[in-house]
Amino acid sequence: MDLKNTFTKTSMTGLALMLASLLSATTATANTQNEVSATVQDIEGFNDNFYTASYVRYLDSVKSDSGAYLINPYLQRVSSLFGGYARGGDRDALILGGTFYFNEQWSITAEGSYSELDNNYGDQESKLVKASVGYNLSPEWQIGAGLQYISFDYDLNFDGNVFDEEFSNTSPVAFTRYTTVGKTGTGWDLMFEFVEDDADIYTGSARYFFSPGLSVAGTFEYVNSPSGFDDDKRAGIEVDYWFNEQFSVKAGYEKNTDSDADDDVATLSASYRF
């Protein structure tokens, strides 16, 4: 992967996002209920970058006088609705969802996405719907479970060979989260999720907050593929920095650690709360 070219492209785009956000920023306020963000991804092996624009509507004010800015909506149990649109090359995707807190212990999250690929080789549609229930055993520790439904429908033509198939599957999901971040905004935020399928998926992250606005995370994903297929092992690092309680930038890099495939991912994003 051409790292110099990758980070040049993503950095220039990120600086443009930062400048636009700073120019439109108003004086920081203590409470916010809206968040907009823009993300660019450079995936090795793809000629086109992937761009995502998203919006979150918090159903109550997110306070910034304590805690860590990035995860304050979770720490304060603020319900939200979100949506996003992604575009990369010949692929478009739409994402919608929401998280609702009934009290300090119980929550429910539902999300769905629709993706469409249309090019000279044919077309492909994919759908994902995921719903889960979370329960906080304590202010620090959350556990939960749910279901994930995925479907694929593709009609492709490669050198005269036609591939036309539909596939769908429902899988159970289990997750847990443990955070030691308190009012000072420092500490650990640990997350883990397991999806049971023909190819079991394990994902997790360990994020440390050095201050309310600065955190660094290590991420991993392990796909235990069926016999005859290579397992997928990915590891990444992410840095998130908030200039104030409203504006932030994030940079990340993810690498396939157990494959000859050239599909490393560089990510840069900016967000603004108001």
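Visitor: Which element of the protein has the lowest mean pLDDT, and which the highest?
Guide: This is a predicted model, in which local features need pLDDT of at least 70 and side-chain atom pairs count only at pLDDT 80 or more, while totals for chains, interfaces and linings use all residues. Residues are numbered from 1 along each chain as its sequence is written, and side-chain values use heavy atoms, with hydrogens and water left out. pLDDT is the predictor's confidence in each residue, from 0 to 100; helices (H or I, at least four residues) and strands (E, at least two) are DSSP runs, numbered from the N terminus. The lowest mean, 47, belongs to helix 1 (residues 3-24), and the highest, 98, to strand 9 (residues 187-195).

Visitor: How many contacts beyond near neighbours in sequence does the stretch of residues 1-12 have?
Guide: The pLDDT is below 50 over residues 1-12. With contact meaning heavy atoms within 4.5 Å, the number for this stretch in the model is 17.

Visitor: Is Arg77 buried or exposed?
Guide: Arg77 lies in the loop between helix 2 (72-75) and strand 3 (80-88), and has a positive phi of about 55° although it is not a glycine. Most residues other than glycine have a negative phi. Buried means under 20% relative accessible area, exposed over 50%, and partly exposed in between (1.4 Å probe, protein chains only). At 10% relative accessibility, Arg77 is therefore buried.

Visitor: Which residues lie nearest the centre of the second largest pocket?
Guide: On a 1 Å grid over the protein atoms alone, a pocket is an open set of points where a 1.4 Å probe fits, with protein on both sides within 12 Å along at least five of seven lines; lining residues have an atom within 4 Å of a point. The lining here has 17 residues. Nearest the centre are Leu75, Arg77, Pro139, Val181 and Gly182.

Visitor: Why does the pair of Phe192 and Tyr202 tie together parts that are apart in sequence?
Guide: Rings of Phe, Tyr and Trp (its six-membered ring) pair if their centres lie within 6.5 Å; planes under 30 degrees apart count as stacked, over 60 as edge-to-face and the rest as tilted. Phe192 and Tyr202 are a tilted pair, 6.5 Å centre to centre with 40° between the planes. Because Phe192 lies in strand 9 and Tyr202 in strand 10 (residues 200-209), the parts tied together are 10 residues apart in sequence.
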